[in-house]
Amino acid sequence: MARALAAVLFGLMMVLGGVAPAAAAVKATVNGQQITDVQVSQRLKLFALEGRSGAKAALEELINEALMLQEAKRLNIEISDKQVDDAFLGVARNIKVSSDKLRQILGQNGVNVDTLRDRLRAALAWNSITQNVIMARVQISDAELEQKA
């Protein structure tokens, strides 16, 4: 009885394992955060819309963004969805389309909207880091400015 049950369970695992979708291949790991081939592929599609190319450049950008977001988290800097929505709208306005049209353009080119939103979130996080942390440490007095001028 136990052998029969084990055989049935093993058979089910084999069958279910055969129909399960393939997992995304990990292209890089940044401090425990995985970057997959799916993310690289999506970034390449976004690159194509921008007139850029290069899998290595796409992977490097994703790695840099992961580092930016990790540093923001370490510094307790949070980027709200509203901030990302506003940045998304800004991108749409820069190319003179509505945000709905931008979503449509992305979709027609096989780019998930989250691909652009993730990039925007990382850029906003890095801007916040530079403004709130780095610039706060850089203090130049008026006298120093006059002296250097």
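Glutamate 61 and arginine 119 are both buried in this predicted model. The two side chains form a salt bridge, in which the closest N and O atoms are 2.9 Å apart. The pair connects distant parts of the chain, since glutamate 61 belongs to helix H3 and arginine 119 to helix H6, 58 residues apart. For arginine 119 the relative accessible area is 15%, and a residue counts as buried when this value is under 20%.

Arginine 119 also meets the side chain of glutamate 50 in a salt bridge, with an N to O distance of 2.4 Å. Glutamate 50 lies in helix H2 and arginine 119 in helix H6, so this pair ties together parts that are 69 residues apart in sequence. Glutamate 50 has a relative accessible area of 37% and is therefore partly exposed. Side chains of opposite charge can pair when their charged atoms come close.

A further salt bridge joins arginine 121 to aspartate 81, with 2.7 Å between the closest N and O atoms. Here too distant parts of the chain are linked: arginine 121 is in helix H6, aspartate 81 is in helix H4 (residues 81-94), and the two are 40 residues apart. Both residues are partly exposed, arginine 121 with a relative accessible area of 21% and aspartate 81 with one of 48%. Salt bridges with shared partners bring Arg43, Glu50, Arg52, Glu61, Glu65 and Arg119 into one network. In total, the structure contains 10 salt bridges.

The chain as a whole has 7 helices and 2 strands. Read from the N terminus, its elements follow the order α-β-β-α-α-α-α-α-α. Of the 149 residues in the chain, 23% are buried.

Pockets were examined next. Rolling a probe the size of a water molecule over the atoms shows where empty space is left. At least two lining residues come from each of strand S2 (33-36), helix H2 (37-50), helix H3 (55-74) and helix H6. By class, the lining of the largest pocket comprises 5 nonpolar, 5 polar and 4 charged residues.

The second largest pocket has a volume of about 160 Å³. It is lined by Leu46, Leu49, Glu50, Val91, Ile95, Leu102, Ile105, Leu106, Leu116 and Arg119. Helix H2, helix H5 (99-108) and helix H6 each give two or more residues to this lining. The lining of the second largest pocket divides into 8 nonpolar and 2 charged residues, with no polar ones. Glu50 and Arg119, both in this lining, are the partners of the 2.4 Å salt bridge.

On the surface, a nonpolar patch is formed by Trp126, Ile134, Met135, Val138 and Ile140. Together these residues present about 470 Å² of accessible area. Methionine 135, one of the patch residues, is found in helix H6, which spans residues 113-137. Its relative accessible area is 52%, and the class "exposed" requires a value over 50%; methionine 135 is therefore exposed. Helix H6 thus holds the exposed methionine 135 as well as the buried arginine 119.

Key: Residues are numbered from 1 along each chain as its sequence is written. This is a predicted model: local features need pLDDT of at least 70, side-chain atom pairs count only at pLDDT 80 or more; totals for chains, interfaces and linings use all residues. Side-chain values use heavy atoms; hydrogens and water are left out. Patches are made of residues with over 30% relative accessible area and no salt bridge: like charges are joined within 9 Å, nonpolar side chains (Val, Leu, Ile, Met, Phe, Trp, Tyr) within 5 Å. Accessible areas come from the Shrake-Rupley method with a 1.4 Å probe; for residues, only the protein chains shown count as cover. A salt bridge is a side-chain nitrogen of Lys or Arg within 4 Å of a carboxyl oxygen of Asp or Glu. Helices (H or I, at least four residues) and strands (E, at least two) are DSSP runs, numbered from the N terminus. Buried means under 20% relative accessible area, exposed over 50%, partly exposed in between (1.4 Å probe, protein chains only). Ala, Val, Leu, Ile, Met, Phe, Trp, Tyr, Cys and Pro count as nonpolar, Asp, Glu, Lys and Arg as charged, and the others, Gly among them, as polar. On a 1 Å grid over the protein atoms alone, a cavity is a set of points where a 1.4 Å probe fits but cannot get out, and a pocket is an open set with protein on both sides within 12 Å along at least five of seven lines; lining residues have an atom within 4 Å of a point. Grid points are joined across faces, edges and corners, and a volume is the space filled by probe spheres set on the points.
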